[in-house]
Amino acid sequence: MATSQTLPPTYYLDYFLYLIDFVKQRYENFLDKPSQNFEKVFRALSRNAQLMYVRIANRTPIFFTVESLLKYKEIDSPEDAIEELCHYKLLDRVKPLSISDELTRVEALSSLTKKQLGQLAACLPGGFCQKARKVDLIKLLNQYRNNSFSDVELIWQISEREVAFWQFLFFGSLAKDNMAQFVIDALGNAKFYRWQEKDFSPVAKSAQEAQDHFAAHWHYYIFKKHLRYGSEPCKVFAWFEQLPKPLFAFAIFGKLCLRLGKWLEKNQLLQEALTVYRHTLQPPSRKQQVRILSRQGNISEALATCWHIVEHPNSVEEEIFARDFLRRHMQKDNDVRNVLTDYLLKAPTVSLPQQYKTCVEQGVIEYYRARGFQAAHTENYIWRGIFGLVFWQVIYQNPLQVHHPLQRYPAELFDENFYLLRAQEIQEQLNRFEDTKDSWQYVQEIYYQYKGIANPFVGWHPNFLPLAEVYFASLQWKQIKAVLLQMARCPKENSCGFPDLTVWNEKEFFFVEIKSTTDQLSAQQYFWLEFFAQLQVPSQILRVHCTESLRLQ
């Protein structure tokens, strides 16, 4: 896509047509009848109607008042455009209480103002409380499926699913900000890596897989609507139970299971939550299952699940939880401290002046500076940046899952199987360096060659190179290599949890994880502290207490 600093008034239509052309060229055999009909109808529309439709499709709601659609100055005769779209059944005029589907009816009512809802409620046989909140008015009106007393009319985007399928085939997801990526690129607000035609791969191997994968994303989208519009948990669980089983193979469906399970737990539907969690192995699903089973008194199944986690861990958090649960059961003492709490309580404590209560990291930095050290708040930033630069060619050369020109990184990068898919390339890249001199030279070359290009690991902050140089000057290559390899085994999980501070002087170099007296240690933070200990890289936890009377020495 070409870059510029200004956009024409109808830029959004140009991008939408680009998307349609791109998808049709690559996925014509994947398009079902509704998708084909959508494209045929859309191309036959007048330009004004096309502009109006894309304006509507790019917005989050699917219900609008006519007045809210008359504000677009670049659209001539917006009323005629709306009428044309209704004629071709891309939009519809509807009275909210005439909608049969409960979720859609609530969504329509939610698009109205409290005043409009009050006008509707005033026509109800029993009346309503004048001080009722908007959410209460929606619940009251939702009980009535009758439009005889309603004069409120909305514009409904009834072709939402069809246009969503086109966008899914382009982006591979249904993220809310997908179309905004065109604008970000055009304005130069972010520099995207420029993929070659050979880099592109389809979002699915067959039309059926594309439909199933889209359905998994679509149902997650519908679930978020249930949350947004206050659906009853038991009804949402019943909706989940009837979903097609092939959808469970997709990662997005595991994400749905985790969010739904947590929500059902919050609403005390424990057995329903347990049922949902059992549909995915994505962490922390098994951890939550153990907790529910324990609450239900089913200790034998809880223990069996813990042993399965220990034998086949999917995350550090789940493994630590399972070992702690088994240890408490074997010692028959529920008051036994878990390993994270025990590790944290053994850490030394330092007192800081009260002025650092809301910025303890800066207080500890000053603490070390007063003792002759340099210190910086680095946390994940430097390690992520080194990872992104060392593996730049691995990430961007010969990608497996790049679906469109605006994609910032290959989709497999944060897949749980990333290392299995790219193991040979990862090992070859690490083995090409003999020492820190070679590897540091390479990091600098890649940094300046690709500076500013969007990368999920590299932040391009001016302080990055000076701080990264400290790492390469203070650590051995085998230590850096081991950290990068561990990150590569699961980039999504292992690229976080690094200690807060890097501290050094001419003789010493170490990492410091800072915790206030009320903070908890996360499993990932514990993992890296233990990993650094194995590599003989000095690291520690420092517990901080702020007091009124102390002055920093």
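In this predicted model, helix α19, which covers residues 381-390, and helix α23 have axes that come within 10 Å of each other and cross at roughly 85°. Angles of 65 to 115 degrees count as roughly perpendicular, and α19 and α23 are therefore roughly perpendicular to each other. On the α19 side, the contact is made by Tyr-381, Ile-382, Trp-383, Gly-385, Ile-386 and Leu-389. Facing them from α23 are Phe-464, Leu-467, Ala-468, Tyr-471 and Phe-472. By class, the contact of α19 with α23 has ten nonpolar residues, one polar and no charged.

Helix α23 (residues 464-474) also packs with helix α22 (residues 436-449). Here the angle is about 165°, and the axes lie 10 Å apart. Angles over 145 degrees count as roughly antiparallel, which makes α22 roughly antiparallel to α23. The crossing of α22 past α23 is right-handed. From α22, the residues that take part are Thr-436, Ser-439, Trp-440, Val-443, Tyr-447 and Tyr-448. They meet Phe-464, Leu-465, Ala-468, Glu-469 and Phe-472 of α23. The residues of this contact divide into eight nonpolar, two polar and one charged.

The loop between α22 and α23 contains Trp-460. This residue is not a glycine, yet Trp-460 has a positive phi of about 60°.

Another loop, between α13 (270-277) and α14 (285-295), holds Pro-284. The peptide bond that leads from Pro-283 to Pro-284 is cis, and its omega is near 5°.

The most comes from α5, which gives six residues to the lining. By class, the lining of the second largest pocket has eleven nonpolar, eight polar and ten charged residues.

Note on methods:
Residues are numbered from 1 along each chain as its sequence is written. This is a predicted model: local features need pLDDT of at least 70, side-chain atom pairs count only at pLDDT 80 or more; totals for chains, interfaces and linings use all residues. Side-chain values use heavy atoms; hydrogens and water are left out. Helices (H or I, at least four residues) and strands (E, at least two) are DSSP runs, numbered from the N terminus. Ala, Val, Leu, Ile, Met, Phe, Trp, Tyr, Cys and Pro count as nonpolar, Asp, Glu, Lys and Arg as charged, and the others, Gly among them, as polar. Axes are lines fitted to C-alpha atoms, for helices over the stretch in contact, and angles run from 0 to 180 degrees between N-to-C directions. Angles under 35 degrees count as roughly parallel, over 145 as roughly antiparallel, 65 to 115 as roughly perpendicular and the rest as oblique. A crossing is left-handed if the near helix is turned anticlockwise from the far one by less than a right angle, and right-handed if clockwise. Contact means heavy atoms within 4.5 Å.
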